[in-house]
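Please keep the sequence and the three-dimensional view at hand while reading.

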Amino acid sequence: MEGTKPKAGCPRAAGRVGESGMEGALVWLIYQRAPGVGRRRMAQLMRTYPDPEVAWRLGKAELAAVRGFRPDIVEALLAVRKSAEARRDAERELERARRAGLRVLCYGTRGYPERLAEIPVPPPVLYQYGPWEPDGRPVVAIVGTRRPTAYGLAVAEQLGRELAQLGAVVVSGMARGIDTAAHRGALEAGGTSVAVLGGGADVCYPQESAALYRQMRETGAILSEQPPGTAPRPENFPERNRIITGLSHGVILVEAGERSGTLITAAHAIEQDRDLFVVPGPVTSPLSRGLYKYVRDGAGLAVSAAQVLEDLGFLPSAEGPLHFTPRGLTELEQRVLGWMGSAPWWPGDLAESSGLPLPEVQACLTMLEIRSAVRRLPDGQYIRIG
């Protein structure tokens, strides 16, 4: 695309950032600059055409076929594709990321977290510091008030530590209070912790958490959908919370008042069908009242990290690491999944090793793939997810 004339393929940028590269990210960044195209319309476009290169080549009729796309939205998308200003703005954003040393994770390309891609409104582009990649370990969010009691701080830190010791990744928002305690517990145990920020990933906030920020940059991850250099703004935090829950298998709530922002995180978890857990606290405490309604509606109690992981379906295999076992599996499906471990398998080899007939194994693998317990690789092998 030069000037206002788009090329047939993906727009190209000078240089690349991370494994995902700039090109796919440039497509989504340009499209989301179209007037009237908000988060939910972008999500609908990405779900319909997840490959950014394909999305870039869509014609008017194809865009109009996307659910909820009125004629004015279609025209806006076609126009922004030709806009030299929109392209320059998107390229500047990616150049800032390159200069800051950030990875760019682009929806629809390699490296983008699979669980996050499944939520109703996934971020088109994420910026990341740190080496963490989703790798099959359980991911648990711990969130709560910025003004906790000593009990809340102690429990959040203990849960973060226990989860890390058991091999889980601890996610939170690096806010003062409960978030910081959870990160600290995980890191002190030598585990992996991930922070999702409300400002740019290159902007440490709050400043007193600089040591935690540096440690997560080195051993875990700092993530944000905000452009590099963006100062943390109040309006960004509620949307940031959907990323915390989207990355996670389960969410633990530790102390929150009846008007706490933590309740927004809980709402995202429910919308995304994530398991919700509540740390029990004094019924007389205002910081407990905001949470007990979730227990009444079916949330679990978080008594220990081991109990939470077991309730989520993570159990240690014979090899040691935690693996996810979906609920409601048949005895045969459990047997096949138990044999798989963490290595990829050809169906024939799996049948031979497990002593099961090949047709049964193939049928079982198909059902496990539908249940998102295994994934079929391009070469025909199957690998366990989680």
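## Contacts and overall make-up

Contact here means heavy atoms within 4.5 Å. The coordinates come from a predicted model, in which local features are described where pLDDT is at least 70. The protein contains 17 helices and 13 strands, and buried residues account for 53% of its 386 residues. Among contacts between residues at least 6 apart in sequence, 69% join residues that are at least 24 apart.

## The covered helix α1

Helix α1, which spans residues 23-31, is mostly covered, with 9 of its 9 residues buried.

## The nine-stranded sheet

An open sheet of 9 strands runs in the order β1-β2-β6-β5-β4-β3-β7-β8-β9, and its pairing is mixed. The edge strands are β1 (103-106) and β9 (300-301), each of which pairs on one side only. Helix α6, residues 84-100, packs on this sheet, where α6 touches β1 and β2 (125-129) and has a direction that makes about 15° with that of β2. Helix α13, residues 286-296, also packs on the sheet, touching β7, β8 and β9, and the direction of α13 makes about 130° with that of β8.

Within the sheet, strand β7 (residues 250-254) and strand β8 (residues 275-278) run parallel and are joined by 4 bridges, and L253 has V278 of β8 as its bridge partner.

How many of the residues of β2 are buried? The strand is mostly covered, with 5 of its 5 residues buried. In a regular strand the side chains alternate between the two faces of the sheet. In β2, V125, Y127 and Y129 point one way while L126 and Q128 point the other way, and all of them are buried.

## The second largest pocket

The second largest pocket holds about 320 Å³ of space. Its lining is formed by 17 residues, of which Q32, R39, P124, E225 and Q226 lie nearest the centre of the pocket. Helix α2 (39-48) and strand β2 each supply at least two residues of this lining, whose residues divide into 9 nonpolar, 3 polar and 5 charged.

## Backbone features in loops

The peptide bond from Y205 to P206 is cis, with omega near 0°, and P206 has its place in the loop between β5 (192-196) and α10 (210-219).

Two residues other than glycine have a positive phi: M174, where phi is near 60°, and D273, where phi is about 60°. M174 sits in the loop between β4 (169-172) and α9 (178-188), whereas D273 lies in the loop between α12 (262-271) and β8. Are M174 and D273 buried or exposed? M174 counts as buried because its relative accessible area is 0%, which is under the 20% cut-off, while D273 counts as exposed because its relative accessible area is 67%, which is over the 50% cut-off.

## A histidine in helix α12

H268 lies in helix α12, and this residue is classed as buried because its relative accessible area is 12%, a value under the 20% limit. Leaving aside residues up to four places away in sequence, which residues does H268 touch? The contacts of H268 are with P238, N241, R242 and T245.

Key
Residues numbered from 1 in each chain as written. Predicted model: local features only at pLDDT ≥ 70, side-chain atom pairs only at ≥ 80, totals over all residues. Heavy atoms only, no water. Pairing = 2+ DSSP bridges. Axes fitted to C-alpha atoms, helices over the stretch in contact; angles between N-to-C directions. 1 Å grid on protein atoms, 1.4 Å probe; cavity = no way out; pocket = protein on both sides within 12 Å on 5 of 7 lines; lining within 4 Å. Points joined across faces, edges and corners; volume = space filled by probe spheres on them. Nonpolar A, V, L, I, M, F, W, Y, C, P; charged D, E, K, R; others polar. Buried < 20%, exposed > 50% of the residue type's maximum accessible area, 1.4 Å probe, protein only.
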